[in-house]
Amino acid sequence: MKLESLIKNKPEDLIERFLRYTRIDTQSDEHTNTSPSTMKQHDLAKLLADELTTMCASEVVYDREHCYVYAKIPASKGCENAPAIGFISHMDTSDAVSGKDVKARIVENYDLSDIKLSEDGRYVLSPKDFPELLNHKGDDLIVTDGNTLLGADDKAGIAEIMNMAEILLLNPEILHGKICIGFTPDEEIGEGTTYFDLDKFGAKYAFTVDGGKLGEMEYENFNAAEVELIINGRSVHPGDAKNRMLNATLIAYEFQSMLPAFENPMYTEKREGFYHLTMMKGTCEKAVVYYIIRDHDMEKFTKKKETVKRIVNFLNEKYGQNTVELTMEDSYYNMIEKIRPHMHLVTNAKKAMEELGITPIDQPIRGGTDGAMLSYKGLPCPNLCTGGYNYHGRYEYAVIGEMRACVSILLNICEIYSDFSE
Ligand SMILES: [Zn+2]
């Protein structure tokens, strides 16, 4: 039976829900070294836990220490033996652009013209810069006012999961096994799963709902590492610096100049990896530089890390030992290795889309997700679309029709797994 016809009791409107979440500032901060990285993420966590309790989800757990929210929807009658399926989204937003005082606005029936985001006309969302907008003629879009990001990454995912949960709880005729819900903090700084409690979560398989365009589904992601360089220079009065001064910032430049020029996010796409300079500050005396390294291919990823080490060794030989201090740590790995033994996750998600007339798009993630980490912790976890675009910036937008379709995909997945056995 068509799922739509089983939804007799209507939940709160998805978009109202989403807009409520966007108004809560949940920006994470990679420099605080606390967990969660920012206390304001608790504002959303607490709200979600309350809302889940109000809609009568069971086993609602709000981890007040580390800011995680878990909840369950018990299996419907006769589906108790179906595998428990989980859905996960992250509550924090990127630290690239402010997430404070988000004033989202709906552009109805989009006519393909430029969308003036800020009143002063400084920020314009234009198909010239973002050709993908041309696919949205007649759609209703949610955009920013140009001063902040929107936070569809990943509050669109949260709103969709919450909407799905409410629909399931209000409409017991929809068949599903046990459904597990998890909301994490600090995904954007790579810490989303640090304190994620797999036992409390309770799912056998899960999906993160943290992707973009409708139909996209991702089960391949980058291998990722972080690099910190501390460069120790020697400051001397510039008047008599000859053969004595060591300018730390110039050595940082030198490091950058020795990296392969085109292996840079500005010049790469699809499965091409890169080195990305994320932060640099320096004086003559000292410079601190951060990079991230990304590559889908493990061998190329390893080679990139070796290149960094080789350049550091070269510079230390040239300028003296310990001139450049290197700290390099792996952040996460490509989940494909852990998904392959459970390819039903991919085929069933695609089936859930095709039943709705949505063409699935295989898309290797040029980033990471909570799901990549969880897959390596034993919870295979591909990523699903949310209907959001242009993440991590003021040009972020979401397509209302796509967001609604994403909820239908989640419901279909629940139903497909209601009589699934391996
Ligand atoms: Zn995200």
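Student: Which helix gives the most to the lining of the second largest pocket?
Tutor: Helix 11, with four residues. Keep in mind that this is a predicted model.

Student: What volume does the second largest pocket have?
Tutor: About 250 Å³. It is lined by 13 residues, and those closest to its centre are Glu 4, Ile 7, Pro 11, Asn 163 and Ile 167.

Student: And which helices each supply at least two residues of that lining?
Tutor: Helix 4, residues 152–170, and helix 11, residues 400–416.

Student: How many nonpolar, polar and charged residues are in the lining of the second largest pocket?
Tutor: Six are nonpolar, two polar and five charged.

Student: OK, switching to Ser 375. Where is its place?
Tutor: Ser 375 is in helix 10, which runs over residues 370–376.

Student: Buried or exposed?
Tutor: Ser 375 counts as buried because its relative accessibility is 3%, and the cut-off for buried is under 20%.

Student: What does the side chain of Ser 375 reach at 2.7 Å?
Tutor: The backbone oxygen of Gly 371.

Student: Which residues does Ser 375 touch, not counting those up to four places away in sequence?
Tutor: On that count, Ser 375 touches Met 335, Lys 338, Ile 339, Pro 380 and Cys 381.

Student: Last one: what separates the C-alpha atoms of Ser 375 and Pro 172?
Tutor: A distance of 31 Å, with the two residues 203 apart along the chain.

Key
Residues are numbered from 1 along each chain as its sequence is written. This is a predicted model: local features need pLDDT of at least 70, side-chain atom pairs count only at pLDDT 80 or more; totals for chains, interfaces and linings use all residues. Side-chain values use heavy atoms; hydrogens and water are left out. Buried means under 20% relative accessible area, exposed over 50%, partly exposed in between (1.4 Å probe, protein chains only). Contact means heavy atoms within 4.5 Å. A polar contact is a pair of N or O atoms within 3.5 Å; within protein, one must be able to donate a hydrogen and the other to accept it, and residues adjacent in sequence count only if both atoms are side-chain atoms. On a 1 Å grid over the protein atoms alone, a cavity is a set of points where a 1.4 Å probe fits but cannot get out, and a pocket is an open set with protein on both sides within 12 Å along at least five of seven lines; lining residues have an atom within 4 Å of a point. Grid points are joined across faces, edges and corners, and a volume is the space filled by probe spheres set on the points. Ala, Val, Leu, Ile, Met, Phe, Trp, Tyr, Cys and Pro count as nonpolar, Asp, Glu, Lys and Arg as charged, and the others, Gly among them, as polar.
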